[in-house]
Each structure stands twice: as C-alpha cells, then as structure tokens.
Amino acid sequence: MIDTLLNAALAKYGTGAVLAQEIGVSPSDITKFRSGDAGLKIHHLKKLFDISGLTLTSVKEKESLINAALTFANLYQEKK
C-alpha cells in the first residue's frame, strides 16, 4: 500500500526531492519511509494522499463497491 501511495505521488512530481519538498520533509525522510526505517507524521501522510489522489477505505466499503459494480455489470449484460 505504501509503495502504491509513493509511486502515485512520485508520478505526479517526478522525483523524491521535489515530492519531499512539496510535503515538507527531506528527501532522506522519503527514502527512510519507503524502506520502513522511519515513519512520517500524519499531516505528511495526508499530503501524500492528497497529491496521489488515493484514499483509504475499509474492507467492508471496498466489498460494497465491488458488489455494486458487479451488480451493475450483470444488469448491463442482461440488457444486451
């Protein structure tokens, strides 16, 4: 999950140095966070989520969305 978050944010800013500056940490903090050697503060994580466009969701909510999509797909197939 963390790799997905960082990769999405990096895709927007290009480099770890630019991303680090944008969220208010040093580039080495990004490297340490990615490797699991250090954490980030909640407000830094929030910035990463905002930049990446990703959201956290519960398993229950995810399953509900999947079921809704499957229901829609089945209804669409029946109409064909």
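Tutor: Start with a pair of side chains. Arg 34 and Asp 3 meet in a salt bridge, at 3.6 Å from N to O. This is a predicted model, where local features need pLDDT of at least 70, side-chain atom pairs count only at pLDDT 80 or more, and totals for chains, interfaces and linings use all residues. Residues are numbered from 1 along each chain as its sequence is written, and side-chain values use heavy atoms, with hydrogens and water left out.

Student: What makes Arg 34 and Asp 3 a salt bridge?

Tutor: The term requires a side-chain nitrogen of Lys or Arg within 4 Å of a carboxyl oxygen of Asp or Glu. Arg 34 and Asp 3 are at 3.6 Å, so the pair qualifies. Arg 34 lies in helix H3 (residues 27-35) and Asp 3 in helix H1 (residues 2-13), so the bridge ties together parts 31 residues apart in sequence. Helices here are DSSP runs of H or I, at least four residues, and strands are runs of E, at least two, numbered from the N terminus.

Student: Why is Arg 34 called partly exposed?

Tutor: Buried means under 20% relative accessible area, exposed means over 50%, and partly exposed is in between (1.4 Å probe, protein chains only). Arg 34 has 35%, so it counts as partly exposed. Asp 3, at 44%, counts as partly exposed too.

Student: How many salt bridges are there?

Tutor: The structure holds two. Asp 50 and Lys 46 also meet in one, at 2.9 Å from N to O. Both lie in helix H4 (residues 42-52), four residues apart, about one turn of the helix.

Student: How do you know whether Ala 20 is buried or exposed?

Tutor: Its relative accessible area is 0%, so Ala 20 is buried. Ala 20 lies in helix H2 (residues 16-23). Leaving aside residues up to four places away in sequence, Ala 20 touches Val 25, Ser 26, Pro 27 and Ile 30. Contact means heavy atoms within 4.5 Å. Of the 80 residues of the protein, 21% count as buried.

Student: What is the secondary structure of the protein?

Tutor: Five helices and zero strands. The pattern along the sequence is α-α-α-α-α.

Student: Why is the protein called more spread out than a compact globule?

Tutor: The globule rule is 2.2 Å times the number of residues to the power 0.38, and the radius of gyration is taken over C-alpha atoms. For 80 residues the rule gives 12 Å; the protein has 17 Å, well over that, so it is more spread out than a compact globule. The C-alpha trace spans about 55 × 25 × 20 Å along its principal axes.
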